[in-house]
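This report describes selected parts of one protein chain. Please keep the sequence and the structure in view while reading.

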Amino acid sequence: MKTTSDDKVVSVIMVGGPTKGTRFRPLSFNTPKPLFPLAGQPMVHHPISACKSIPNLARIFLIGFHEEREFALYVSSISSELNIPVRYLKEDKPHGSAGGLYYFRDLIMEDNPSHIFLLNCDVCCSFPLPEMLDAHRRYGGMGTLLVIKVSAESASEFGELVADPDTKELLHYTEKPETFVSDLINCGVYIFTPEIFNVIQDIRTNREDRANLHNLSSFEALRLTKTPAKDFVRLDQDILSPLAGKKQLYTYETMDFWEQIKTPAMSLKCSALYLAQFRYKTPGLLACGDGTKSPTVVGDVYIHPSAKVHPTAKIGPNVSISANVRIAAGVRLMSCIILDDAEIQENAFVMYAIIGWKSSLGKWSRVQGDGDYNSKLGITILGEAVTVEDEVVVVNSIVLPNKILNISVQEEIIL
């Protein structure tokens, strides 16, 4: 396909829905997971702002099944901030990663783009989108996926793939395989030509044909053929696996960081990765201070302009402080996210924790985790409006909203 320098590009970011964020509780009780702040910005903000670097970007679509009102405010503010139209499209029901794209194909194709980026909101990476676009044009295929090398032990949790070392063609793809296939995994970031819509259409047509073949009620046909509903199309099993090795799909390997943000603990780890990226790309977003007029800041720290932090506090590394937070004298914060309107009183200590909206930590209290991002209680999480009284210690625990803790707890889930 011939490409010209003024070809338009659109980006689609999949944001899922409330049924998807269950592992993100108790934090998703309050706010849709895509709007949970990492490094002081909503999770979805990181892929959106990465899209800003794509040449000739016409618009950005967010696709999911959250209520539109939950995204309305964010979408209008980010559109004007980036000066790019951003629109939220609500699916009537889950259609799968490729099915959702197809469902809104007419809107996505309105600008007649030559390329479509497809990104997942719950991955954390540097999103090297312009580089992917250049590579994709060189390869000349229908699609290019971002891949990364990981340890052989962790590879089986993801989609493993084999690529030609020279041409970078995708030769083989298996979603969460039983046995080791490869240490290259799929990062959930793609670029396609509009040809992808024909491929999805073919899958749907084949399914209809198969259902009709049985000449049964559609319920019986679904039961017998074990095929999903025709409009539910998954990118990995339905498209990447069958098209691998057919000179249509290629890979672009990132050498930067990559993580999947499935749990609150991983959001803390990813907040650190994004803060480190700010240091490298937009250092003006990071706080600095030496304890004279402003608090002592160590390492990468984000402090919202509306937060009030006492100059005797010591903050960092890896700390993100949200709007209207109040932090008193002598407080020590390390590796934590402090959400809107929280109050942390004199000499409290927080490490490896997420402090919920409107929560309050008493004087000399300690809220901490051991920092194991992969274990269920590796970091301490306080839900919304939790009160930890003076001198109470909370270790490796999850506390649901509106609780008052007046005794110390360790390795507990407090319902």
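## Ser126 and its contacts

In this predicted model, Ser126 touches Thr254, Asp256, Phe257, Gln277 and Lys281, when residues up to four places away in sequence are not counted. With one of these residues, Asp256, Ser126 forms a polar contact between side chains, at 2.7 Å.

Ser126 belongs to the loop between strand β7 (123–125) and helix α5 (129–139). Is Ser126 buried or exposed? Its relative accessibility is 10%, and residues under 20% are classed as buried, so Ser126 counts as buried.

## The second largest pocket

Ser126 is also one of the residues closest to the centre of the second largest pocket, together with Ser49, Ala50, Gln277 and Lys281. The volume of this pocket is about 590 Å³, and 23 residues line it.

Which elements give two or more residues to the lining of the second largest pocket? They are α1 (45–51), α2 (68–82), α5 and α10. Helix α10 provides the largest share of the lining, five residues. By type, the lining residues of this pocket divide into 11 nonpolar, eight polar and four charged.

The largest nonpolar core has 65 residues, and within it Leu62 and Leu129 touch the most other members. Helix α10 (residues 264–281) contributes seven residues, the largest share of this core. Helix α10 also gives the largest share of the lining of the second largest pocket.

Which residues does Leu129 touch, not counting residues up to four places away in sequence? They are Ala50, Cys51, Ile54, Phe117, Leu119 and Val189.

## Helix α3

How many of the eight residues of helix α3 (residues 96–103) are buried? Six are buried, and the helix is mostly covered. The buried residues are Gly96, Ala98, Gly99, Gly100, Leu101 and Tyr102.

In general, an α-helix has 3.6 residues a turn, so residues three or four places apart point the same way.

Lys168 lies in the loop between β9 (159–163) and β10 (170–175). With a relative accessible area of 33%, Lys168 is partly exposed, because this class covers values between 20% and 50%. A polar atom of the Lys168 side chain lies 2.9 Å from the backbone oxygen of Pro165. Beyond its neighbours within four places in sequence, Lys168 is in contact with Tyr139, Ala163, Tyr250 and Thr251. Lys168 and Ala98 are 70 residues apart along the chain, and their C-alpha atoms are separated by 23 Å.

Thr251, one of the contacts of Lys168, is found in strand β12 (residues 249–253). Its relative accessibility is 4%, so Thr251 counts as buried. Leaving aside neighbours within four places in sequence, the contacts of Thr251 are Tyr139, Thr144, Leu145, Val147, Leu161, Ala163, Lys168 and Leu170.

## Backbone exceptions

Most residues other than glycine have a negative phi, and most peptide bonds are trans. Where are cis peptide bonds found in this model? One runs from Arg25 to Pro26, with omega near 5 degrees, and another from Gly316 to Pro317, with omega near 0 degrees. Pro26 is in the loop between β1 (9–16) and β2 (37–38), while Pro317 is in the loop between β17 (314–315) and β18 (319–321).

Two residues other than glycine, Ala39 and Trp364, have a positive phi. For Ala39, phi is near 55 degrees, and this residue is placed in the loop between β2 and β3 (41–42). For Trp364, phi is about 60 degrees, and this residue is found in the loop between β23 (360–361) and β24 (366–368). Ala39 is buried, with a relative accessible area of 0%, whereas Trp364, at 56% relative accessibility, counts as exposed.

Technical notes: Residues numbered from 1 in each chain as written. Predicted model: local features only at pLDDT ≥ 70, side-chain atom pairs only at ≥ 80, totals over all residues. Heavy atoms only, no water. Helix = DSSP H or I, 4+ residues; strand = E, 2+ residues; numbered from the N terminus. Buried < 20%, exposed > 50% of the residue type's maximum accessible area, 1.4 Å probe, protein only. Polar contact = N/O pair within 3.5 Å; in protein donor to acceptor, adjacent residues only side chain to side chain. Contact = heavy atoms within 4.5 Å. Core = buried A, V, L, I, M, F, W, Y, C linked by side-chain atoms within 4.5 Å. 1 Å grid on protein atoms, 1.4 Å probe; cavity = no way out; pocket = protein on both sides within 12 Å on 5 of 7 lines; lining within 4 Å. Points joined across faces, edges and corners; volume = space filled by probe spheres on them. Nonpolar A, V, L, I, M, F, W, Y, C, P; charged D, E, K, R; others polar.
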